[in-house]
Amino acid sequence: MYLNEGERIDQLYADDIQIIQSTNVFSFSLDAVMLANFPAIPKRGKIVDLCAGNGAVGLFVSRKTKASIYQVELQEKLADMAKRSIQLNHLDEQMTVYTMDLKDSLTKIKGDSVDLLLCNPPYFKTSKTGIKNPNPHLAIARHEIHTNLDEVIHTSSKLLKTNGRIAMVHRPDRFLDIIESMRRHRIAPKRIQFVYPKAGKEANILLIEGIKDGKLDGFKVSPPLITYDQEGNYNPETRKMLYGE
């Protein structure tokens, strides 16, 4: 497997997955690992990973299912890394990467057909005075430059079948925006989990799951997930996601 300048191969030991990374372009974060471990993964059917980046989330769930996995990523360099990681892990028959704007995803993926949609979208709103990352690849991945939260959820709703599920990782300060957008686009919020860097700190990650055309009752809040102990070591739940221990 060839690597471009600045690239390396990392491993997620818990799922026995190798992934091509680059600090110059994009590296997955703990957010992606948590998202891959948050929802129940259907054994068969169709899974879509929107805003796929270098393919981390789809790769991490691939070992848990025989479902077909489709990844949608706008940036050509990141999509190319995802494609080579698929080859590296011999997942060519299960996984497909589409290099396109998520708005165009319905030209390749049939509407009302997806069982589970996973998304690690850009977190931060843009403004004329907002400070963006000087690295354009990281800026697009982290800021709502080419898409926004409402567009992500609207597209997700079009792709999902009735009773299909969406699982998303985001920031707690966007929680109300997410709830409003889900309800506007026929997705019933069903479960959330707040992630805290350490005990006594404010939450810095939000995981949320919704069901297309689901009933509005039965909303649940999962127990909090705390990433590190007071000494800065991963807590057991985090270690299990990363290393399978």
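This is a predicted model: local features need pLDDT of at least 70, side-chain atom pairs count only at pLDDT 80 or more; totals for chains, interfaces and linings use all residues.
Visitor: Which residue forms a salt bridge with Glu 151, and how far apart are the closest N and O atoms?

Guide: The partner is Lys 103, and the closest N and O atoms of the pair are 3.8 Å apart. The two residues belong to distant parts of the chain, 48 residues apart: Lys 103 lies in the loop between strand S5 and strand S6, and Glu 151 lies in helix H5. Lys 103 is also partly exposed, with a relative accessible area of 43%.

Visitor: How many salt bridges does a search of the whole structure find?

Guide: The search finds 13 salt bridges. One of them joins Asp 115 and Lys 161, with the closest N and O atoms 3.0 Å apart. This pair links strand S6, which holds Asp 115, to strand S7, which holds Lys 161, and the residues are 46 apart in the chain. Lys 161 is partly exposed, at 30% relative accessibility.

Visitor: Which residues are linked in a network of salt bridges?

Guide: Such a network is formed by Glu 7, Asp 80 and Arg 84.

Visitor: Which residue meets Arg 191 in a salt bridge, and where do the two lie?

Guide: The side chain of Arg 191 meets that of Glu 209, at 3.2 Å from N to O. Arg 191 is in strand S8 and Glu 209 in strand S9, 18 residues apart. Glu 209 is buried, with a relative accessible area of 8%. The side chain of Arg 191 also makes a polar contact of 3.3 Å with the side chain of Ser 222.

Visitor: Where does Ser 222 lie, and is it buried or exposed?

Guide: Ser 222 sits in the loop between strand S10 and strand S11. Its relative accessible area is 15%, so it counts as buried. Apart from neighbours within four places in sequence, Ser 222 is in contact with Arg 191, Ile 192 and Gln 193.

Visitor: Which residues does Phe 60 touch?

Guide: Not counting residues up to four places away in sequence, Phe 60 touches Leu 12, Asp 15, Ile 17, Phe 28, Ala 32, Val 33 and Ala 36.

Visitor: Where is Ile 69 found, and is it buried or exposed?

Guide: Ile 69 is found in strand S4, which covers residues 68-73. At 0% relative accessibility, Ile 69 counts as buried. Beyond residues up to four places away in sequence, it touches Ile 47, Gly 58, Val 61, Ser 62, Gln 94, Met 95 and Thr 96. Sequence separation and distance in space should be read side by side. Ile 69 and Lys 46 are 23 residues apart in sequence, and their C-alpha atoms are 6.1 Å apart.

Visitor: Which residues of helix H6 are buried, and against what do they pack?

Guide: The buried residues of helix H6 are Phe 175, Ile 178, Ile 179, Ser 181 and Met 182. They pack against H5, S7, S8 and S9. Just after H6, Arg 186 takes a positive phi of about 70°.

Visitor: What do the totals for the protein chain come to?

Guide: The chain has seven helices and 11 strands. Of its 245 residues, 52% count as buried. The chain exposes about 11,900 Å², of which carbon and sulfur atoms supply 49%. Among contacts between residues at least 6 apart in sequence, 69% join residues at least 24 apart.

How values were computed:
Residues are numbered from 1 along each chain as its sequence is written. Side-chain values use heavy atoms; hydrogens and water are left out. A salt bridge is a side-chain nitrogen of Lys or Arg within 4 Å of a carboxyl oxygen of Asp or Glu. Helices (H or I, at least four residues) and strands (E, at least two) are DSSP runs, numbered from the N terminus. Buried means under 20% relative accessible area, exposed over 50%, partly exposed in between (1.4 Å probe, protein chains only). Contact means heavy atoms within 4.5 Å. Accessible areas come from the Shrake-Rupley method with a 1.4 Å probe; for residues, only the protein chains shown count as cover. A polar contact is a pair of N or O atoms within 3.5 Å; within protein, one must be able to donate a hydrogen and the other to accept it, and residues adjacent in sequence count only if both atoms are side-chain atoms.
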